[in-house]
Protein chains: 2
Amino acid sequence: MRPSSIPLVLVALLFATSLMARTPPPTAAEVLAASKPEEWRAPDPAHTLVLELDAQRRVVIELAPRFAPNAVANILTLVEQRYFDALPIVRVQDNYVVQWGDPAAGTPEARSLGKALPKLAPEFTVRRRDAAPFVKLPDTDTYAREVGVVDSLPVAGDGRLRWLAHCYGMVGVGRGNEADSGAGNELYVVTGHAPRHLDRNVVLVGRVLDGIQHLSSLPRGDGTMGFFTQPASRIPIQRIRTLAELPEAERPALEVLDSNSASFRQLISARRYRREPWFLAPTGRLELCNLPLPIRARNAS
Amino acid sequence: MRPSSIPLVLVALLFATSLMARTPPPTAAEVLAASKPEEWRAPDPAHTLVLELDAQRRVVIELAPRFAPNAVANILTLVEQRYFDALPIVRVQDNYVVQWGDPAAGTPEARSLGKALPKLAPEFTVRRRDAAPFVKLPDTDTYAREVGVVDSLPVAGDGRLRWLAHCYGMVGVGRGNEADSGAGNELYVVTGHAPRHLDRNVVLVGRVLDGIQHLSSLPRGDGTMGFFTQPASRIPIQRIRTLAELPEAERPALEVLDSNSASFRQLISARRYRREPWFLAPTGRLELCNLPLPIRARNAS
(Lines give C-alpha, C1' and ligand atoms only; values in the text may rest on other atoms or scores of the structure.)
Protein backbone atom coordinates (compact mmCIF):
# COMPACT_ATOMS: atom_id res chain seq x y z
CA MET A 1 0.00 0.00 0.00
CA ARG A 2 1.39 3.39 -0.96
CA PRO A 3 1.48 5.78 1.99
CA SER A 4 -0.54 8.34 0.08
CA SER A 5 -3.44 5.87 -0.21
CA ILE A 6 -4.16 5.89 3.54
CA PRO A 7 -6.09 9.17 3.57
CA LEU A 8 -8.12 7.92 0.61
CA VAL A 9 -9.01 4.77 2.56
CA LEU A 10 -10.10 6.93 5.48
CA VAL A 11 -12.23 9.11 3.26
CA ALA A 12 -13.83 6.02 1.71
CA LEU A 13 -14.47 4.62 5.19
CA LEU A 14 -16.08 7.82 6.40
CA PHE A 15 -18.20 7.95 3.28
CA ALA A 16 -19.30 4.33 3.75
CA THR A 17 -20.12 4.96 7.42
CA SER A 18 -22.21 7.96 6.52
CA LEU A 19 -24.07 5.89 3.91
CA MET A 20 -24.68 3.18 6.49
CA ALA A 21 -26.15 5.70 8.87
CA ARG A 22 -28.63 6.79 6.20
CA THR A 23 -29.71 3.35 4.94
CA PRO A 24 -31.94 1.64 7.52
CA PRO A 25 -30.71 -1.85 8.41
CA PRO A 26 -32.58 -4.58 6.54
CA THR A 27 -35.70 -6.37 7.77
CA ALA A 28 -35.73 -10.16 8.13
CA ALA A 29 -37.43 -10.50 4.73
CA GLU A 30 -34.78 -8.30 3.15
CA VAL A 31 -31.97 -10.30 4.77
CA LEU A 32 -33.36 -13.54 3.35
CA ALA A 33 -33.95 -12.04 -0.08
CA ALA A 34 -30.34 -10.84 -0.19
CA SER A 35 -28.81 -14.09 1.14
CA LYS A 36 -26.36 -15.93 -1.08
CA PRO A 37 -27.06 -19.43 -2.44
CA GLU A 38 -23.95 -20.77 -0.67
CA GLU A 39 -25.36 -19.70 2.71
CA TRP A 40 -28.02 -22.42 2.40
CA ARG A 41 -27.35 -26.13 2.85
CA ALA A 42 -29.36 -29.21 1.93
CA PRO A 43 -30.20 -31.46 4.91
CA ASP A 44 -28.20 -34.70 5.00
CA PRO A 45 -30.45 -37.35 3.31
CA ALA A 46 -29.12 -40.10 5.61
CA HIS A 47 -30.15 -38.11 8.72
CA THR A 48 -33.44 -36.67 7.54
CA LEU A 49 -36.76 -38.46 8.01
CA VAL A 50 -40.01 -38.16 6.13
CA LEU A 51 -43.03 -39.11 8.23
CA GLU A 52 -46.07 -39.69 6.05
CA LEU A 53 -49.58 -39.55 7.45
CA ASP A 54 -50.62 -39.97 3.84
CA ALA A 55 -49.23 -38.94 0.46
CA GLN A 56 -50.32 -35.31 0.98
CA ARG A 57 -49.35 -34.88 4.61
CA ARG A 58 -45.59 -35.30 4.91
CA VAL A 59 -43.53 -34.12 7.86
CA VAL A 60 -39.78 -33.67 7.31
CA ILE A 61 -37.52 -34.09 10.35
CA GLU A 62 -33.79 -33.41 10.39
CA LEU A 63 -31.96 -35.47 12.99
CA ALA A 64 -29.07 -34.07 15.04
CA PRO A 65 -26.50 -36.86 15.45
CA ARG A 66 -24.00 -34.38 16.90
CA PHE A 67 -26.17 -33.92 19.99
CA ALA A 68 -27.59 -37.43 20.43
CA PRO A 69 -25.56 -39.92 18.35
CA ASN A 70 -26.84 -43.07 20.06
CA ALA A 71 -30.50 -42.10 20.07
CA VAL A 72 -30.27 -41.03 16.42
CA ALA A 73 -28.55 -44.32 15.48
CA ASN A 74 -31.32 -46.24 17.24
CA ILE A 75 -34.06 -44.27 15.50
CA LEU A 76 -32.40 -44.94 12.13
CA THR A 77 -32.29 -48.67 12.96
CA LEU A 78 -35.99 -48.58 13.82
CA VAL A 79 -36.77 -46.78 10.56
CA GLU A 80 -34.72 -49.35 8.65
CA GLN A 81 -36.63 -52.16 10.39
CA ARG A 82 -39.95 -50.44 9.52
CA TYR A 83 -40.76 -50.28 13.22
CA PHE A 84 -42.85 -47.11 12.92
CA ASP A 85 -44.79 -48.06 9.79
CA ALA A 86 -48.49 -48.34 10.60
CA LEU A 87 -47.93 -47.28 14.23
CA PRO A 88 -50.16 -44.37 15.23
CA ILE A 89 -49.99 -40.96 16.79
CA VAL A 90 -51.13 -41.76 20.31
CA ARG A 91 -51.09 -38.32 21.92
CA VAL A 92 -52.03 -34.79 20.83
CA GLN A 93 -51.88 -32.41 23.77
CA ASP A 94 -52.88 -28.80 23.14
CA ASN A 95 -50.06 -26.28 23.55
CA TYR A 96 -47.59 -29.09 24.26
CA VAL A 97 -46.74 -32.14 22.10
CA VAL A 98 -47.76 -34.62 19.43
CA GLN A 99 -46.37 -38.09 20.14
CA TRP A 100 -46.27 -41.39 18.26
CA GLY A 101 -45.11 -44.93 18.91
CA ASP A 102 -46.36 -48.31 20.00
CA PRO A 103 -49.59 -47.85 22.00
CA ALA A 104 -48.75 -51.14 23.76
CA ALA A 105 -45.28 -49.91 24.82
CA GLY A 106 -44.41 -51.40 28.18
CA THR A 107 -46.89 -54.28 27.91
CA PRO A 108 -46.26 -57.89 26.84
CA GLU A 109 -48.02 -57.07 23.56
CA ALA A 110 -45.42 -54.45 22.62
CA ARG A 111 -43.94 -54.84 19.15
CA SER A 112 -41.04 -57.24 19.24
CA LEU A 113 -38.70 -54.83 17.48
CA GLY A 114 -39.16 -52.39 20.33
CA LYS A 115 -38.55 -55.01 22.98
CA ALA A 116 -35.22 -55.89 21.39
CA LEU A 117 -34.00 -52.31 21.70
CA PRO A 118 -31.02 -51.60 23.91
CA LYS A 119 -31.33 -49.28 26.90
CA LEU A 120 -29.54 -46.08 26.02
CA ALA A 121 -27.46 -43.94 28.31
CA PRO A 122 -29.26 -40.57 28.07
CA GLU A 123 -27.71 -37.89 25.88
CA PHE A 124 -29.10 -34.83 27.63
CA THR A 125 -26.05 -32.60 27.15
CA VAL A 126 -22.79 -32.36 25.21
CA ARG A 127 -19.54 -30.71 26.15
CA ARG A 128 -19.30 -27.08 25.19
CA ARG A 129 -16.59 -27.74 22.60
CA ASP A 130 -18.72 -30.41 20.94
CA ALA A 131 -21.46 -27.85 20.24
CA ALA A 132 -19.52 -25.31 18.21
CA PRO A 133 -19.47 -22.99 16.36
CA PHE A 134 -22.07 -21.46 18.66
CA VAL A 135 -23.81 -18.34 17.44
CA LYS A 136 -24.64 -16.70 20.75
CA LEU A 137 -27.78 -14.61 21.17
CA PRO A 138 -27.16 -11.32 22.98
CA ASP A 139 -30.19 -11.31 25.33
CA THR A 140 -30.81 -12.99 28.67
CA ASP A 141 -32.73 -16.24 28.95
CA THR A 142 -34.96 -17.37 31.81
CA TYR A 143 -33.64 -20.92 31.82
CA ALA A 144 -29.96 -20.87 30.88
CA ARG A 145 -26.77 -18.86 31.24
CA GLU A 146 -26.26 -18.72 27.48
CA VAL A 147 -28.45 -19.42 24.47
CA GLY A 148 -27.66 -19.52 20.79
CA VAL A 149 -27.65 -21.60 17.66
CA VAL A 150 -25.54 -24.56 16.51
CA ASP A 151 -26.17 -26.23 13.12
CA SER A 152 -29.34 -24.13 12.78
CA LEU A 153 -30.70 -25.65 16.00
CA PRO A 154 -31.66 -23.83 19.23
CA VAL A 155 -29.10 -24.50 21.96
CA ALA A 156 -28.77 -23.51 25.62
CA GLY A 157 -25.73 -23.81 27.85
CA ASP A 158 -24.27 -23.25 31.27
CA GLY A 159 -20.72 -22.43 30.18
CA ARG A 160 -19.45 -25.99 30.53
CA LEU A 161 -22.23 -28.00 28.85
CA ARG A 162 -24.62 -27.29 26.02
CA TRP A 163 -27.94 -28.87 25.07
CA LEU A 164 -30.70 -28.65 22.50
CA ALA A 165 -33.57 -26.46 23.70
CA HIS A 166 -37.28 -27.33 23.63
CA CYS A 167 -38.50 -24.81 21.07
CA TYR A 168 -41.52 -25.24 18.80
CA GLY A 169 -40.86 -28.00 16.28
CA MET A 170 -38.12 -29.79 18.21
CA VAL A 171 -38.29 -33.59 18.28
CA GLY A 172 -37.62 -35.60 21.44
CA VAL A 173 -37.47 -39.14 22.75
CA GLY A 174 -40.33 -40.10 25.07
CA ARG A 175 -39.23 -41.92 28.20
CA GLY A 176 -40.57 -43.35 31.47
CA ASN A 177 -39.38 -42.24 34.89
CA GLU A 178 -35.88 -43.68 34.45
CA ALA A 179 -33.25 -41.66 32.60
CA ASP A 180 -32.36 -44.59 30.29
CA SER A 181 -35.94 -45.63 29.54
CA GLY A 182 -36.22 -43.87 26.18
CA ALA A 183 -34.92 -45.91 23.26
CA GLY A 184 -36.25 -43.76 20.44
CA ASN A 185 -39.30 -45.95 19.75
CA GLU A 186 -41.58 -43.23 21.07
CA LEU A 187 -41.05 -39.75 19.64
CA TYR A 188 -42.73 -36.40 20.18
CA VAL A 189 -42.75 -33.01 18.50
CA VAL A 190 -43.16 -29.77 20.47
CA THR A 191 -46.32 -28.06 19.15
CA GLY A 192 -46.86 -25.36 21.77
CA HIS A 193 -45.14 -22.71 23.83
CA ALA A 194 -41.56 -23.85 24.43
CA PRO A 195 -41.59 -26.23 27.44
CA ARG A 196 -38.04 -25.35 28.36
CA HIS A 197 -38.41 -27.11 31.74
CA LEU A 198 -38.02 -30.31 29.69
CA ASP A 199 -34.49 -29.29 28.66
CA ARG A 200 -31.95 -31.75 30.06
CA ASN A 201 -34.83 -34.03 31.08
CA VAL A 202 -35.43 -35.53 27.66
CA VAL A 203 -33.12 -36.38 24.78
CA LEU A 204 -33.83 -34.10 21.85
CA VAL A 205 -32.88 -35.62 18.51
CA GLY A 206 -33.74 -33.05 15.85
CA ARG A 207 -36.36 -30.70 14.52
CA VAL A 208 -39.18 -30.50 12.03
CA LEU A 209 -38.09 -28.71 8.86
CA ASP A 210 -41.41 -28.86 7.04
CA GLY A 211 -45.02 -29.96 7.44
CA ILE A 212 -45.43 -29.38 11.18
CA GLN A 213 -48.94 -28.04 10.53
CA HIS A 214 -50.02 -31.62 9.72
CA LEU A 215 -49.23 -32.46 13.35
CA SER A 216 -50.12 -29.22 15.15
CA SER A 217 -53.62 -29.05 13.62
CA LEU A 218 -54.59 -32.62 14.56
CA PRO A 219 -57.63 -33.06 16.79
CA ARG A 220 -56.59 -33.02 20.45
CA GLY A 221 -56.58 -36.24 22.45
CA ASP A 222 -59.52 -36.67 24.83
CA GLY A 223 -57.63 -38.30 27.71
CA THR A 224 -55.14 -37.21 30.36
CA MET A 225 -52.11 -35.42 28.84
CA GLY A 226 -53.77 -35.56 25.41
CA PHE A 227 -53.61 -39.35 24.97
CA PHE A 228 -56.44 -40.82 22.93
CA THR A 229 -58.64 -43.05 25.06
CA GLN A 230 -60.20 -44.73 22.00
CA PRO A 231 -57.86 -46.65 19.70
CA ALA A 232 -60.02 -45.57 16.74
CA SER A 233 -59.17 -41.92 17.45
CA ARG A 234 -55.43 -42.47 17.04
CA ILE A 235 -53.97 -41.15 13.80
CA PRO A 236 -52.20 -43.81 11.72
CA ILE A 237 -48.75 -43.14 10.32
CA GLN A 238 -48.33 -44.63 6.88
CA ARG A 239 -44.54 -44.86 6.99
CA ILE A 240 -41.32 -43.20 8.08
CA ARG A 241 -38.37 -43.25 5.69
CA THR A 242 -35.03 -41.50 5.48
CA LEU A 243 -34.67 -39.05 2.63
CA ALA A 244 -31.88 -41.30 1.30
CA GLU A 245 -34.29 -44.23 0.95
CA LEU A 246 -36.77 -42.28 -1.16
CA PRO A 247 -36.41 -42.09 -4.93
CA GLU A 248 -34.91 -38.74 -5.87
CA ALA A 249 -38.19 -37.52 -7.37
CA GLU A 250 -40.10 -38.14 -4.11
CA ARG A 251 -37.65 -36.32 -1.84
CA PRO A 252 -38.81 -32.98 -0.45
CA ALA A 253 -36.30 -30.48 -1.84
CA LEU A 254 -35.52 -28.20 1.08
CA GLU A 255 -32.60 -26.17 2.26
CA VAL A 256 -31.69 -24.68 5.61
CA LEU A 257 -30.06 -21.29 6.21
CA ASP A 258 -26.61 -22.02 7.66
CA SER A 259 -26.44 -20.53 11.15
CA ASN A 260 -22.76 -19.73 10.60
CA SER A 261 -23.52 -17.48 7.64
CA ALA A 262 -23.40 -13.69 7.57
CA SER A 263 -27.07 -13.60 6.62
CA PHE A 264 -28.01 -15.58 9.72
CA ARG A 265 -26.24 -13.04 11.93
CA GLN A 266 -28.05 -10.24 10.15
CA LEU A 267 -31.31 -12.09 10.70
CA ILE A 268 -30.72 -12.10 14.46
CA SER A 269 -30.24 -8.36 14.39
CA ALA A 270 -33.30 -7.83 12.18
CA ARG A 271 -35.47 -9.84 14.58
CA ARG A 272 -34.17 -8.17 17.74
CA TYR A 273 -34.98 -4.76 16.44
CA ARG A 274 -38.01 -5.04 14.16
CA ARG A 275 -37.93 -2.42 11.44
CA GLU A 276 -41.09 -3.36 9.56
CA PRO A 277 -43.38 -0.31 9.45
CA TRP A 278 -46.07 -2.16 11.44
CA PHE A 279 -43.91 -2.24 14.60
CA LEU A 280 -44.42 0.75 16.85
CA ALA A 281 -42.22 -0.39 19.72
CA PRO A 282 -39.42 -2.70 18.54
CA THR A 283 -38.28 -4.57 21.61
CA GLY A 284 -34.54 -4.71 20.94
CA ARG A 285 -34.69 -8.20 22.52
CA LEU A 286 -34.98 -11.69 21.12
CA GLU A 287 -35.81 -14.85 23.00
CA LEU A 288 -34.25 -18.07 21.71
CA CYS A 289 -37.46 -19.74 20.55
CA ASN A 290 -38.65 -16.60 18.75
CA LEU A 291 -35.65 -16.66 16.41
CA PRO A 292 -36.70 -18.12 13.06
CA LEU A 293 -34.45 -20.87 11.65
CA PRO A 294 -35.21 -20.38 7.97
CA ILE A 295 -36.03 -23.24 5.60
CA ARG A 296 -36.95 -22.81 1.95
CA ALA A 297 -37.69 -24.88 -1.11
CA ARG A 298 -34.47 -25.62 -2.97
CA ASN A 299 -34.04 -23.50 -6.11
CA ALA A 300 -35.95 -20.75 -4.31
CA SER A 301 -33.04 -18.34 -4.55
CA MET B 1 -50.63 -14.13 76.08
CA ARG B 2 -49.23 -15.48 79.36
CA PRO B 3 -45.43 -15.18 79.52
CA SER B 4 -45.07 -18.90 80.19
CA SER B 5 -46.74 -19.71 76.86
CA ILE B 6 -43.87 -18.30 74.83
CA PRO B 7 -41.58 -21.33 75.16
CA LEU B 8 -44.50 -23.57 74.16
CA VAL B 9 -45.01 -21.50 70.99
CA LEU B 10 -41.31 -21.86 70.23
CA VAL B 11 -41.42 -25.61 70.72
CA ALA B 12 -44.46 -25.82 68.47
CA LEU B 13 -42.69 -23.70 65.86
CA LEU B 14 -39.57 -25.87 65.93
CA PHE B 15 -41.68 -28.98 65.68
CA ALA B 16 -43.59 -27.56 62.69
CA THR B 17 -40.34 -26.53 61.01
CA SER B 18 -38.89 -29.99 61.45
CA LEU B 19 -42.05 -31.53 59.99
CA MET B 20 -41.83 -29.17 57.02
CA ALA B 21 -38.27 -30.21 56.37
CA ARG B 22 -39.33 -33.83 56.17
CA THR B 23 -42.44 -33.44 54.01
CA PRO B 24 -41.49 -32.69 50.40
CA PRO B 25 -43.16 -29.53 49.10
CA PRO B 26 -46.30 -30.26 47.07
CA THR B 27 -46.45 -30.72 43.31
CA ALA B 28 -48.70 -28.50 41.18
CA ALA B 29 -51.40 -31.19 41.17
CA GLU B 30 -51.21 -31.44 44.95
CA VAL B 31 -51.42 -27.66 45.34
CA LEU B 32 -54.59 -27.55 43.23
CA ALA B 33 -56.14 -30.52 45.02
CA ALA B 34 -55.55 -28.82 48.38
CA SER B 35 -56.76 -25.36 47.29
CA LYS B 36 -59.75 -23.87 49.12
CA PRO B 37 -63.05 -23.11 47.36
CA GLU B 38 -62.73 -19.42 48.26
CA GLU B 39 -59.43 -19.22 46.32
CA TRP B 40 -61.37 -19.65 43.07
CA ARG B 41 -63.53 -16.97 41.47
CA ALA B 42 -66.17 -17.10 38.77
CA PRO B 43 -65.43 -14.91 35.72
CA ASP B 44 -67.58 -11.78 35.51
CA PRO B 45 -70.52 -12.68 33.18
CA ALA B 46 -70.67 -9.13 31.80
CA HIS B 47 -67.00 -9.30 30.74
CA THR B 48 -66.79 -12.88 29.53
CA LEU B 49 -67.52 -13.86 25.92
CA VAL B 50 -68.61 -17.16 24.45
CA LEU B 51 -67.58 -17.56 20.81
CA GLU B 52 -69.49 -20.40 19.17
CA LEU B 53 -68.21 -22.07 16.03
CA ASP B 54 -71.16 -24.38 16.55
CA ALA B 55 -73.04 -25.76 19.55
CA GLN B 56 -70.22 -28.18 20.39
CA ARG B 57 -67.25 -25.91 19.80
CA ARG B 58 -67.45 -23.03 22.27
CA VAL B 59 -64.53 -20.78 23.17
CA VAL B 60 -64.77 -18.82 26.43
CA ILE B 61 -62.84 -15.54 26.61
CA GLU B 62 -62.50 -13.42 29.74
CA LEU B 63 -61.98 -9.74 28.95
CA ALA B 64 -59.63 -7.54 30.96
CA PRO B 65 -61.25 -4.10 31.27
CA ARG B 66 -58.62 -3.05 33.80
CA PHE B 67 -55.93 -3.14 31.11
CA ALA B 68 -57.89 -1.95 28.07
CA PRO B 69 -61.16 -0.32 29.18
CA ASN B 70 -61.93 1.43 25.89
CA ALA B 71 -61.15 -1.52 23.64
CA VAL B 72 -63.17 -3.83 25.91
CA ALA B 73 -66.12 -1.40 25.90
CA ASN B 74 -65.98 -1.28 22.11
CA ILE B 75 -65.88 -5.06 21.81
CA LEU B 76 -68.89 -5.33 24.11
CA THR B 77 -70.76 -2.81 21.94
CA LEU B 78 -69.93 -4.87 18.85
CA VAL B 79 -71.13 -8.04 20.56
CA GLU B 80 -74.35 -6.27 21.58
CA GLN B 81 -74.83 -5.11 17.98
CA ARG B 82 -74.24 -8.69 16.75
CA TYR B 83 -71.35 -7.42 14.66
CA PHE B 84 -69.40 -10.67 14.86
CA ASP B 85 -72.30 -13.06 14.25
CA ALA B 86 -71.73 -14.96 11.00
CA LEU B 87 -68.36 -13.29 10.42
CA PRO B 88 -65.60 -15.85 9.82
CA ILE B 89 -62.18 -16.78 11.04
CA VAL B 90 -60.03 -15.29 8.29
CA ARG B 91 -56.54 -16.30 9.42
CA VAL B 92 -54.98 -19.41 10.98
CA GLN B 93 -51.21 -19.10 11.07
CA ASP B 94 -49.26 -22.04 12.45
CA ASN B 95 -47.37 -21.31 15.68
CA TYR B 96 -48.80 -17.80 15.79
CA VAL B 97 -52.45 -16.68 15.77
CA VAL B 98 -56.07 -17.39 14.85
CA GLN B 99 -57.88 -14.22 13.82
CA TRP B 100 -61.49 -13.32 12.99
CA GLY B 101 -63.40 -10.31 11.76
CA ASP B 102 -64.79 -8.74 8.64
CA PRO B 103 -62.89 -10.09 5.60
CA ALA B 104 -63.77 -6.85 3.81
CA ALA B 105 -62.30 -4.66 6.58
CA GLY B 106 -60.78 -1.56 5.06
CA THR B 107 -62.83 -1.80 1.82
CA PRO B 108 -66.04 0.01 0.86
CA GLU B 109 -67.88 -3.29 1.38
CA ALA B 110 -66.95 -3.43 5.07
CA ARG B 111 -69.85 -4.02 7.44
CA SER B 112 -71.48 -0.75 8.35
CA LEU B 113 -71.28 -1.40 12.08
CA GLY B 114 -67.52 -1.59 11.79
CA LYS B 115 -67.29 1.62 9.79
CA ALA B 116 -69.18 3.48 12.48
CA LEU B 117 -66.60 2.54 15.12
CA PRO B 118 -64.57 5.27 16.76
CA LYS B 119 -60.80 5.32 16.45
CA LEU B 120 -59.38 4.33 19.82
CA ALA B 121 -56.31 5.71 21.51
CA PRO B 122 -54.20 2.59 21.98
CA GLU B 123 -54.10 1.02 25.43
CA PHE B 124 -50.72 -0.67 25.23
CA THR B 125 -49.71 -0.10 28.86
CA VAL B 126 -51.10 0.92 32.23
CA ARG B 127 -49.43 2.68 35.12
CA ARG B 128 -47.73 0.38 37.57
CA ARG B 129 -50.21 1.20 40.35
CA ASP B 130 -53.15 0.38 38.07
CA ALA B 131 -51.86 -3.18 37.64
CA ALA B 132 -51.76 -4.34 41.25
CA PRO B 133 -51.61 -6.49 43.25
CA PHE B 134 -48.79 -7.86 41.13
CA VAL B 135 -47.57 -11.37 41.96
CA LYS B 136 -43.97 -11.11 40.80
CA LEU B 137 -42.17 -14.11 39.34
CA PRO B 138 -38.66 -14.56 40.71
CA ASP B 139 -36.79 -15.36 37.48
CA THR B 140 -35.38 -13.15 34.73
CA ASP B 141 -37.27 -12.52 31.51
CA THR B 142 -35.81 -11.90 28.06
CA TYR B 143 -38.21 -9.09 27.21
CA ALA B 144 -39.01 -7.17 30.38
CA ARG B 145 -37.52 -5.96 33.66
CA GLU B 146 -40.24 -7.62 35.70
CA VAL B 147 -42.87 -10.24 34.98
CA GLY B 148 -45.71 -11.56 37.06
CA VAL B 149 -49.43 -12.04 37.32
CA VAL B 150 -52.33 -9.60 37.86
CA ASP B 151 -55.96 -10.84 37.96
CA SER B 152 -54.70 -14.27 36.82
CA LEU B 153 -53.25 -12.70 33.67
CA PRO B 154 -49.60 -12.66 32.52
CA VAL B 155 -48.10 -9.20 32.93
CA ALA B 156 -44.73 -7.63 32.15
CA GLY B 157 -43.37 -4.32 33.32
CA ASP B 158 -40.48 -1.88 33.24
CA GLY B 159 -40.88 -0.53 36.80
CA ARG B 160 -43.03 2.42 35.75
CA LEU B 161 -45.51 0.81 33.36
CA ARG B 162 -47.08 -2.62 33.13
CA TRP B 163 -48.73 -4.45 30.23
CA LEU B 164 -50.40 -7.73 29.37
CA ALA B 165 -47.95 -10.21 27.85
CA HIS B 166 -48.46 -12.23 24.66
CA CYS B 167 -48.65 -15.73 26.14
CA TYR B 168 -50.52 -18.66 24.60
CA GLY B 169 -54.27 -18.02 24.74
CA MET B 170 -54.11 -14.24 25.06
CA VAL B 171 -56.58 -12.26 22.95
CA GLY B 172 -55.57 -9.10 21.08
CA VAL B 173 -56.94 -6.40 18.83
CA GLY B 174 -55.74 -6.58 15.22
CA ARG B 175 -54.67 -3.26 13.76
CA GLY B 176 -53.13 -1.69 10.67
CA ASN B 177 -49.87 0.27 10.69
CA GLU B 178 -51.28 3.14 12.76
CA ALA B 179 -51.42 2.84 16.53
CA ASP B 180 -55.10 3.84 16.66
CA SER B 181 -56.23 1.64 13.77
CA GLY B 182 -57.56 -1.23 15.89
CA ALA B 183 -61.15 -0.75 17.04
CA GLY B 184 -61.79 -4.26 18.33
CA ASN B 185 -63.64 -5.44 15.23
CA GLU B 186 -60.77 -7.76 14.36
CA LEU B 187 -59.56 -10.04 17.14
CA TYR B 188 -56.87 -12.70 17.39
CA VAL B 189 -55.87 -15.42 19.82
CA VAL B 190 -52.23 -16.44 20.35
CA THR B 191 -51.97 -20.13 19.42
CA GLY B 192 -48.21 -20.63 19.30
CA HIS B 193 -44.97 -19.86 21.08
CA ALA B 194 -45.40 -16.56 22.92
CA PRO B 195 -44.73 -13.74 20.40
CA ARG B 196 -43.59 -11.37 23.10
CA HIS B 197 -42.20 -8.94 20.51
CA LEU B 198 -45.87 -7.99 20.01
CA ASP B 199 -46.10 -6.74 23.61
CA ARG B 200 -46.78 -3.00 23.66
CA ASN B 201 -47.41 -3.14 19.90
CA VAL B 202 -50.95 -4.47 20.13
CA VAL B 203 -53.74 -3.95 22.64
CA LEU B 204 -54.40 -7.18 24.51
CA VAL B 205 -57.93 -7.44 25.85
CA GLY B 206 -58.19 -10.78 27.64
CA ARG B 207 -57.53 -14.47 27.47
CA VAL B 208 -59.15 -17.74 26.51
CA LEU B 209 -60.38 -19.61 29.57
CA ASP B 210 -61.72 -22.67 27.79
CA GLY B 211 -62.02 -24.25 24.36
CA ILE B 212 -58.84 -22.92 22.77
CA GLN B 213 -58.31 -26.32 21.11
CA HIS B 214 -61.24 -25.51 18.81
CA LEU B 215 -59.13 -22.66 17.43
CA SER B 216 -55.61 -24.09 17.66
CA SER B 217 -56.51 -27.28 15.79
CA LEU B 218 -58.14 -25.52 12.83
CA PRO B 219 -56.65 -26.16 9.38
CA ARG B 220 -53.95 -23.60 8.65
CA GLY B 221 -54.58 -20.82 6.15
CA ASP B 222 -52.97 -21.31 2.73
CA GLY B 223 -51.97 -17.68 2.11
CA THR B 224 -49.37 -15.25 3.39
CA MET B 225 -49.43 -15.01 7.20
CA GLY B 226 -52.02 -17.79 7.37
CA PHE B 227 -54.86 -15.85 5.72
CA PHE B 228 -57.26 -17.99 3.70
CA THR B 229 -57.07 -17.14 0.01
CA GLN B 230 -60.42 -18.86 -0.72
CA PRO B 231 -63.50 -17.43 1.02
CA ALA B 232 -64.91 -20.96 1.21
CA SER B 233 -62.00 -22.02 3.44
CA ARG B 234 -62.79 -19.44 6.12
CA ILE B 235 -64.39 -20.86 9.24
CA PRO B 236 -67.77 -19.32 10.08
CA ILE B 237 -68.50 -18.10 13.60
CA GLN B 238 -72.06 -18.77 14.59
CA ARG B 239 -72.26 -16.10 17.25
CA ILE B 240 -70.46 -14.29 20.05
CA ARG B 241 -72.38 -13.53 23.26
CA THR B 242 -71.50 -12.37 26.73
CA LEU B 243 -72.00 -14.93 29.45
CA ALA B 244 -74.59 -12.54 30.93
CA GLU B 245 -76.72 -12.74 27.78
CA LEU B 246 -76.91 -16.52 27.83
CA PRO B 247 -79.60 -18.32 29.79
CA GLU B 248 -78.14 -19.63 33.05
CA ALA B 249 -78.34 -23.23 31.82
CA GLU B 250 -76.25 -22.50 28.70
CA ARG B 251 -73.43 -20.69 30.51
CA PRO B 252 -70.14 -22.55 30.77
CA ALA B 253 -69.59 -22.95 34.52
CA LEU B 254 -65.93 -22.18 35.03
CA GLU B 255 -63.81 -20.75 37.78
CA VAL B 256 -60.36 -19.23 37.82
CA LEU B 257 -57.71 -19.68 40.51
CA ASP B 258 -57.22 -16.24 42.10
CA SER B 259 -53.64 -15.14 41.52
CA ASN B 260 -53.64 -13.43 44.92
CA SER B 261 -54.34 -16.67 46.74
CA ALA B 262 -51.88 -18.68 48.81
CA SER B 263 -52.41 -21.66 46.51
CA PHE B 264 -51.36 -19.61 43.51
CA ARG B 265 -48.09 -18.68 45.20
CA GLN B 266 -47.51 -22.33 46.03
CA LEU B 267 -48.20 -23.20 42.41
CA ILE B 268 -45.44 -20.87 41.25
CA SER B 269 -43.02 -22.62 43.56
CA ALA B 270 -44.22 -26.07 42.49
CA ARG B 271 -43.68 -25.18 38.83
CA ARG B 272 -40.28 -23.60 39.32
CA TYR B 273 -38.95 -26.67 41.03
CA ARG B 274 -40.72 -29.69 39.56
CA ARG B 275 -41.00 -32.46 42.12
CA GLU B 276 -42.94 -35.02 40.07
CA PRO B 277 -40.92 -38.25 39.97
CA TRP B 278 -40.56 -38.02 36.16
CA PHE B 279 -38.32 -34.93 36.41
CA LEU B 280 -34.62 -35.72 36.62
CA ALA B 281 -33.33 -32.16 36.45
CA PRO B 282 -35.83 -29.64 37.85
CA THR B 283 -34.82 -26.29 36.47
CA GLY B 284 -35.55 -24.09 39.46
CA ARG B 285 -36.68 -21.49 36.89
CA LEU B 286 -40.02 -20.51 35.47
CA GLU B 287 -40.68 -18.37 32.43
CA LEU B 288 -43.85 -16.24 32.49
CA CYS B 289 -45.71 -18.05 29.72
CA ASN B 290 -44.93 -21.48 31.20
CA LEU B 291 -46.82 -20.67 34.40
CA PRO B 292 -50.27 -22.26 34.29
CA LEU B 293 -53.21 -20.01 35.15
CA PRO B 294 -55.62 -22.68 36.38
CA ILE B 295 -59.25 -22.87 35.29
CA ARG B 296 -61.66 -25.59 36.37
CA ALA B 297 -65.29 -26.54 36.07
CA ARG B 298 -67.28 -24.97 38.87
CA ASN B 299 -68.25 -27.44 41.59
CA ALA B 300 -65.01 -29.29 40.85
CA SER B 301 -63.72 -28.73 44.39
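Colleague: Which residue of β13(A) is the bridge partner of Val171(A)?

Modeller: In this predicted model the partner is Gly206(A). Local features need pLDDT of at least 70, side-chain atom pairs count only at pLDDT 80 or more, and totals for chains, interfaces and linings use all residues. Residues are numbered from 1 along each chain as its sequence is written, chains are lettered from A and ligands numbered from 1 in the order in which they are written, and side-chain values use heavy atoms, leaving out hydrogens and water.

Colleague: What makes β11(A) and β13(A) paired strands?

Modeller: Strands (DSSP runs of E, at least two residues, numbered from the N terminus) pair if DSSP finds at least two bridges between them. Four bridges join β11(A) to β13(A), running antiparallel, so they pair. β11(A) also has three bridges to β12(A), again antiparallel, with Val173(A) opposite Leu187(A).

Colleague: How many aromatic pairs are there over all chains?

Modeller: Four. One of them is Trp278(A) with Phe279(A), 5.1 Å centre to centre and 85 degrees between the planes.

Colleague: Why is that pair called edge-to-face?

Modeller: Rings of Phe, Tyr and Trp (its six-membered ring) pair if their centres lie within 6.5 Å; planes under 30 degrees apart count as stacked, over 60 as edge-to-face, the rest as tilted. Trp278(A) and Phe279(A), at 5.1 Å and 85 degrees, are therefore edge-to-face.

Colleague: How do you know whether Phe279(A) is buried or exposed?

Modeller: Buried means under 20% relative accessible area, exposed over 50%, partly exposed in between (1.4 Å probe, protein chains only). Phe279(A) has 12%, so the residue is buried; Trp278(A), at 21%, is partly exposed.
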